[in-house]
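Dear colleague,

Please find the structure we spoke about below. My notes on it come after.

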Amino acid sequence: MNTKSPHANPSKTRSPRHRAREFALQGLYQWLLNNEDSGSIEAHIREAHGFDKADREHFDSLLHGAIKQSIALREEIAPLIDRSIAELSPIEHAALLIGTYELKNHIEIPYRVVINEAVELTKSFGGLDGHKYVNGVLDKVAAKLRATEVAAGK
């Protein structure tokens with residue numbers, strides 16, 4: 001019997017923003033697998049247990065922003081990975097889209113927080129070592145998109 005929690009650290013209280021990222025990851029996963037309309041995905045996720053504890057504004061930004069900007073976000077990621085985008089697991093792909101979207105569009109969030117959150121999502125929902133891959137790729141994305149912040153070591 002598998003008693004693993006669906007969250008990497010179940011004893012840790014998850015913030016509304018972290019919950020928003022979890023739901024956005026689920027929505028992007030659905031979008032990647034089924035190519036459903038973002039409005040349908042959003043409607044379905046908003047009915048999910050626990051959504052009322054999520055930061056709805058951040059969820060909207062992540063889900064719709066990552067889908068709308070998916071081509072540009074993939075262009076940022078593609079040169080930094082060792083395989084084609086199509087070969088990424090859907091969880092790694094979704095976590096990289098979220099992380100890259102936040103690095104690009106939410107400069108008020110420190111880059112280390114963005115990377116850590118994407119790593120935690122991948123630990124919770126992804127494969128065994130997917131979080132290490134996501135960490136390495138987003139480190140490179142941050143060095144490019146947030147060069148000044150990274151250089152300052154903030």
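This is a predicted model: local features need pLDDT of at least 70, side-chain atom pairs count only at pLDDT 80 or more; totals for chains, interfaces and linings use all residues.

Residues are numbered from 1 along each chain as its sequence is written, and side-chain values use heavy atoms, with hydrogens and water left out.

A search of the whole structure gives two aromatic pairs (rings of Phe, Tyr and Trp, the last by its six-membered ring, with centres within 6.5 Å; planes under 30 degrees apart are stacked, over 60 edge-to-face, the rest tilted). Phe23 and Phe51 are edge-to-face, because their ring centres are 5.3 Å apart and their planes lie at 65°. Phe23 is in helix 1 (residues 16–34) and Phe51 is in the loop between helix 2 (38–46) and helix 3 (56–68), so this pair ties together parts 28 residues apart in sequence. Helices here are DSSP runs of H or I with at least four residues, numbered from the N terminus.

Phe51 also pairs edge-to-face with Phe59, at 5.1 Å centre to centre and 80° between the planes. Phe51 is buried at 1% relative accessibility, and Phe59 is buried at 0% (buried means under 20% relative accessible area, exposed over 50%, partly exposed in between, with a 1.4 Å probe and protein chains only).

In helix 5 (residues 90–105), 13 of the 16 residues are buried, so the rest of the structure largely encloses this helix.

Elsewhere, the charged end of Arg83 sits over the ring of Tyr133, 4.2 Å from the ring centre (the criterion is NZ of Lys or CZ of Arg within 6 Å of the centre and within 35 degrees of the ring normal).

Regards

Terms used:
Helices (H or I, at least four residues) and strands (E, at least two) are DSSP runs, numbered from the N terminus.
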